[in-house]
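The sequence and structure come next.

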Amino acid sequence: MDVSQRFEGLQQEIEEIVGERIVALRRDIHREPELGFDTEKTAEKVLAVLEGLPLDLETGVAMNGIVATLRGERDGPTVALRADMDALPIEEETGLPFSSW
């Protein structure tokens, strides 16, 4: 069985279970952009979503960074995901309800 077969249907399952919550979080963060290392509110929002999940959480990494580790039941391949929490200093003119200020 190759990797693509092992994860077949995973995207749909994730979308069904947490899709709306992920979109809501992204829009909430987008609505209040923070620049550079001044990402305290963004980190709080991300941490609030991660709390209660089966993750080992480390906070305060490089000021407001968060490391969330999901440990598997067995030894095996490791996957690392990285995301930036800071925004770009732009003026958004979309008029969408979650537009940056």
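## Terms and basis

Buried means under 20% relative accessible area, exposed over 50%, and partly exposed in between (1.4 Å probe, protein chains only). The model is predicted: local features need pLDDT of at least 70, side-chain atom pairs count only at pLDDT 80 or more, and totals for chains, interfaces and linings use all residues. Residues are numbered from 1 along each chain as its sequence is written, and side-chain values use heavy atoms, without hydrogens and water.

## Thr 39

Thr 39 sits in the loop between α2 and α3; helices (H or I, at least four residues) and strands (E, at least two) are DSSP runs numbered from the N terminus. Thr 39 counts as buried because its relative accessibility is 6%.

The side chains of Thr 39 and Asn 64 form a polar contact of 3.5 Å. A polar contact is a pair of N or O atoms within 3.5 Å; within protein, one must be able to donate a hydrogen and the other to accept it, and residues adjacent in sequence count only if both atoms are side-chain atoms. Beyond neighbours within four places in sequence, Thr 39 is in contact (heavy atoms within 4.5 Å) with Glu 34, Asn 64, Met 85 and Asp 86.

## Ser 100

Ser 100 belongs to the segment after β2. With 13% relative accessibility, Ser 100 is also classed as buried. A polar atom of the Ser 100 side chain lies 2.8 Å from the backbone oxygen of His 30. Leaving aside neighbours within four places in sequence, the contacts of Ser 100 are His 30, Arg 31, Pro 33 and Glu 92.
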